[in-house]
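Please have the sequence and the 3D view open as you read.

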Amino acid sequence: MKVRTLLECNECRQQVARWVGRCPGCGGWGTIHEAAAAGAAGSSASLQTLAPDAEDEPRASTGFTGVDRVLGDGLVPGSVTLLAGEPGIGKSTLLLQVVANLSAAGHPCVLASGEESRAQVARRARRVGIDGRAISYLSGRELADVLRTVHAAGPFLLAVDSIQALRDADASSMPGGTSQVRSCTDALVGLAKSTGIAVLLTGHVTKDGDLAGPRTLEHAVDVVLTFDGDPRSGLRMLSGGKNRFGREGEVAWFEMAVHGLREIDPVGLLRSGCGEPGSATGLPLAGRRALAVDVQALISPGDGPGRRQVAGLDARRFQLVAAVLDRIVPGPLLRGDLFGASLGGVRIDDPGCDLAVAAALVSAATGIPAPPDSAFVGEVGLTGRVRPVTGMAHRLAAARAAGCSRVFAAGEPGPSEDLLVIPVAHVLDALSWVGPPEEAAGSDRSSQARETRPA
Ligand code: TYD
Ligand code: MG
């Protein structure tokens with residue numbers, strides 16, 4: 001075995017006494033190597049052509065078809081992937097399962113966790129049914145330790161849980177702070193690019209979708225994956241954002257079960273299909289597809305100012321649709337507290353679901369269920385006019401897949417053999433099933449509706 005003692009920068013040849021993320025000589029990130037290894041690899045500052053390599057290293061399967069698809073056909077050696085999500089959503093579990101699958105397929109991995117002790121990770125592995133003996137654990141708190149150990153081990157993948165828990169002793173701020181997250185990410189990118197080791201990092205995001213600490217690391221990595229869902233329900237969606245090796249916008253669905261994450265097919269799962277009042281099906285876009293999802297509304301009478309509360313839905317769009325309905329639908333329909341939710345807590349911020357929100361609210365207010373097997377698509381404007389939305393072909397396909405037979409839709413979606421598409425120009429056009437309000441509203445709907453309202 002070779003004895004390696006000398007550490008030097010492969011850019012400027014600066015020698016250093018210990019493992020550091022950033023070279024004190026030239027300021028390069030992740031450029032510190034053991035001198036023998038660096039010498040063998042040659043300087044990365046020398047001129048090279050872009051002639052294709054004899055054989056690009058093949059991608060490795062993560063063991064999850066959906067994750068592979070979102071990544072763009074598996075994990076690319078030397079790539080850096082960020083898995084972002086709110087605390088408790090299942091990032092550590094997904095990371096562990098991917099590490100276990102890769103290890104079992106002969107791709108050695110190192111799991112560096114600064115969030116959990118070895119015993120905690122071992123306990124999770126047992127719960128998920130993974131043989132922990134096949135996984136190499138490393139404390140992921142000190143960047144220099146991680147770099148040194150991973151250099152020596154040379155695994156296929158380094159999994160880091162999380163980037164915010166990692167600390168670069170040479171950077172000034174607190175762990176999790178902007179400069180810490182940035183310097184640790186830069187060092188790991190340097191490691192991946194100089195060694196060909198793939199790196200998979202988890203990163204916490206806050207409720208409004210910001211990476212706690214900075215979003216800045218998104219530009220440094222090759223692929224950004226977002227793990228999403230309502231922590232109280234078991235449903236999880238993994239979606240691909242920026243991707244240097246595949247298409248953006250691919251999506252995979254999971255269920256967080258008692259023994260870990262399980263891939264599922266969500267089609268039909270997010271509709272109750274039982275024709276209850278207060279429920280209407282929307283067809284939101286989810287990545288490159290659309291999905292039929294029930295929107296639910298509840299009205300609780302009250303004298304106060306009227307709360308508006310949502311789960312899964314976009315709060316601002318919900319309030320806007322409620323305000324529009326309040327103005328154009330005759331009678332005090334929406335008095336009291338209004339609650340809105342999506343089935344399974346699926347996050348819906350697609351304005352194309354406004355019309356489904358309107359239908360659910362009116363159905364809740366009147367007690368009249370929306371027509372069976374119907375879906376609603378369109379963006380509601382302040383005047384009550386409904387605007388067409390993009391991705392109509394995907395949305396109609398989703399309606400078909402979920403067994404809908406009738407779609408209320410804005411614009412001219414074109415003829416559809418197996419679906420009855422009812423054109424909608426105004427919110428009231430989509431509410432004909434409620435009965436009287438449409439007639440009462442007349443031609444200049446909004447102004448007349450105001451007049452017909454009791455004082
Ligand atoms: P975790 O992966 O720790 O989330 P994150 O790393 O994003 O914070 O998952 C935490 C939640 O998942 C926790 O509430 C427990 C639940 N869980 C299951 O329901 N089943 C399981 O098999 C595991 C491991 C966790
Ligand atoms: Mg975690």
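How far from a nitrogen atom of ligand 1 does a backbone N or O atom of Ala257 lie? Before we answer, please keep in mind that this is a predicted model. The distance is 2.7 Å, from that backbone atom of Ala257 to the ligand nitrogen.

On its own, ligand 1 would expose 560 Å², and 75% of that is buried by the protein.

Let's step back to see the whole shell. Ligand 1 is surrounded by 16 residues, and the closest of them are Gly88, Thr93, Arg124, Ala257 and Gly260. Sorted by class, the shell holds 6 nonpolar, 6 polar and 4 charged residues.

Two of the elements named above, H3 and H4, also pack against each other, so let's see how their axes are arranged. Two packed helices are described by the angle between their axes and the distance between the axes. For H3 and H4, the axes come within 11 Å and cross at roughly 75 degrees. Angles from 65 to 115 degrees count as roughly perpendicular, and H3 and H4 are therefore roughly perpendicular to each other. On the H3 side, the contact is made by Ser92, Thr93, Leu96 and Gln97, which meet Val121, Arg124, Ala125 and Val128 of H4. This contact has 4 nonpolar, 3 polar and 1 charged residues.

Now turn to another helix pair. Helix H5 (residues 143–153) and helix H6 (residues 178–195) have axes 11 Å apart and pack at an angle of about 10 degrees. Since angles under 35 degrees count as roughly parallel, H5 and H6 are therefore roughly parallel to each other. From H5, the residues Leu143, Leu147, Val150 and His151 meet Ser183, Cys184, Ala187, Leu188, Leu191 and Thr195 of H6. Here the contact has 7 nonpolar and 3 polar residues, with no charged ones.

Arg13, in the loop between strand S1 (7–9) and strand S2 (15–16), has a phi near 70 degrees, a positive value in a residue other than glycine.

Note on methods
Residues are numbered from 1 along each chain as its sequence is written. Chains are lettered from A and ligands numbered from 1 in the order in which they are written. This is a predicted model: local features need pLDDT of at least 70, side-chain atom pairs count only at pLDDT 80 or more; totals for chains, interfaces and linings use all residues. Side-chain values use heavy atoms; hydrogens and water are left out. A residue is near a molecule or strand if one of its heavy atoms lies within 4 Å of it. A polar contact is a pair of N or O atoms within 3.5 Å; within protein, one must be able to donate a hydrogen and the other to accept it, and residues adjacent in sequence count only if both atoms are side-chain atoms. Accessible areas come from the Shrake-Rupley method with a 1.4 Å probe; for residues, only the protein chains shown count as cover. Ala, Val, Leu, Ile, Met, Phe, Trp, Tyr, Cys and Pro count as nonpolar, Asp, Glu, Lys and Arg as charged, and the others, Gly among them, as polar. Axes are lines fitted to C-alpha atoms, for helices over the stretch in contact, and angles run from 0 to 180 degrees between N-to-C directions. Helices (H or I, at least four residues) and strands (E, at least two) are DSSP runs, numbered from the N terminus. Angles under 35 degrees count as roughly parallel, over 145 as roughly antiparallel, 65 to 115 as roughly perpendicular and the rest as oblique. Contact means heavy atoms within 4.5 Å.
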